[in-house]
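Hello,

Here is the structure for you to look through. My notes on it follow below.

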Amino acid sequence: METFIYGSFTVLALVALVFHFFAMKTKSQVSSANNPHFKRFQYSFFLVYFMALFSDWLQGPYVYKLYEHYGYASNQIALLYVVGFASSVIFGTTTGPLADRFGRKKMALIFCVLYSFCCLTKLSSKFFWLFLGRVFGGISTSMLFSTFESWYVYEHTETHDFPNEWLSVTFSKATFWNGVLAINAGVFSNVFAETLGYGPVAPFMLAIPFLLVAGFIILRTWKENYGNQTLDLRRSCMDGLRSILFKEVILYLGVVQSLFEANMYIFVFQWTPILGPGHPPLGMVFASFMVCIMIGSSLHALLLSKKFQAEQLLMMAVFLAIIAMSLCIYSTSVSHLYVSFIAFLILEVAVGMYFPAIGYLRSQVIPEDLRAGIMNWFRVPTNVITCAGLLLVHNNTLISSTQTMFAICTGMLSIALLCNFKFITLFNSSRVPLTPSEDKVPLTKNET
């Protein structure tokens, strides 16, 4: 299997390079690249955002190993993982309204400090500090995946008034380079933890300088922007929830996001034990997954240039994920490791297509004044489903096998596909033909 994985990585890397080359030649990419003002603005965002993502990826491969290194049993480790997701559910929903009211730049700075503190808690082997680190880690993750995007969309559309389609350019590039960052972070983590012998706590310490530098750049270069500053915290949270429940176009997009990402997180905890009997090189497997995400992001850009719409590409991503999970049901029932690996690769291509599509669509349907809050509400069912899946699989209760888990994932994705169909109908019916002078304004601006 090792030869198969190394060969797959080589082929996939070549495909990713070819796709990226052609994606860079598309009309949107070329026109945005020829605008020096947009390039400077995009660079100012990427410089910070990529540092934040890189610090997050540095920690990922060694979280479980660190807890194991400190002597904790598997059920205790599972509890710590669940605490992180639960914290995101309980406290994460407040970070969005706080960012909208008090400033997204301020919240991004708080993220850098808070996540640095989370890394420092890993120096202690005491359960209290590790537990506390997971609590603040869940809050930090909510900030990372809502505050930064909210800041960028506001600056792109309101401050600089760049063309709307250039949002897709940014989200597609972010997804592509996220894969590159993940691969490099895996290498850095391995070098510091294993080769240099600093142990599994080293990647967490390595992440801190990147977070602090990101915070310094935010402080010096970012402008402040806000959502609705007149609402109090409780009312802001409730208004975000009401917008989801009573605006069908937002509701259906939220369901698609929640179910797709829950499936993705459950997969993260399943792939290692599934491929484990084949004794694969886990680093190369992870690198192959990241290359597939890069392929998916380039495929998204190429299909957009062929006049596909973002909502159609989102549906393609969900459909690909259904194919992948269906293959996993078969492969895990007969222990066919090669089919499982191929299914995982298909899923990662779907993930690469999904993120730029969902990012663009969120920018179109979510009201600006409640953007960060609504995005965090979207993550609540994701984290609840992930927690439930982890606990049920670990305790071998209602979910008695990996095959059953993948069947449930397939069912969730099928529901997401139906909601995607409904979203497309509602989204297209809400489109209003724009005059040439209005073609840079987000579709939801009139609503807000």
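**Charged pairs, cysteines and one threonine**

Arg-362 and Glu-149 are both buried. Buried means under 20% relative accessible area, exposed means over 50%, and partly exposed is in between (1.4 Å probe, protein chains only).

Some ground rules. This is a predicted model: local features need pLDDT of at least 70, side-chain atom pairs count only at pLDDT 80 or more, and totals for chains, interfaces and linings use all residues. Residues are numbered from 1 along each chain as its sequence is written, and side-chain values use heavy atoms, with hydrogens and water left out.

**Salt bridges**

Side chains of opposite charge can pair when their charged atoms come close. A salt bridge here is a side-chain nitrogen of Lys or Arg within 4 Å of a carboxyl oxygen of Asp or Glu. The count by this rule is four.

Arg-362 and Glu-149 form one of them, at 2.5 Å from N to O. Arg-362 sits in helix H17 (residues 337-365) and Glu-149 in helix H9, so this pair ties together parts 213 residues apart in sequence. Helices are DSSP runs (H or I, at least four residues), as are strands (E, at least two), numbered from the N terminus.

Glu-224 pairs with Lys-106, with the closest N and O atoms 3.2 Å apart. Glu-224 is in the loop between helix H11 (202-221) and helix H12 (233-246), while Lys-106 is in helix H7 (residues 104-121), so the bridge links parts 118 residues apart in sequence. Glu-224 is partly exposed at 24% relative accessibility. Lys-106 is partly exposed too, at 41%.

Arg-104 bridges to Asp-100, and their closest N and O atoms are 2.8 Å apart. Arg-104 is buried at 0% relative accessibility. Asp-100 is buried, with 0% as well.

Cys-419 is in no disulfide either; the nearest cysteine sulfur, that of Cys-409, is 16 Å away. Cys-112 is buried at 3% relative accessibility, and Cys-419 is buried at 12%.

**Thr-157**

Helix H9 (residues 147-159) also holds Thr-157. Thr-157 is buried at 4% relative accessibility. A polar atom of its side chain lies 2.7 Å from the backbone oxygen of Val-153. The C-alpha atoms of Thr-157 and Leu-167 are 8.8 Å apart, with the two residues 10 apart along the chain.

Best wishes

Conventions
A disulfide is a pair of cysteine sulfur atoms within 2.5 Å. A polar contact is a pair of N or O atoms within 3.5 Å; within protein, one must be able to donate a hydrogen and the other to accept it, and residues adjacent in sequence count only if both atoms are side-chain atoms.
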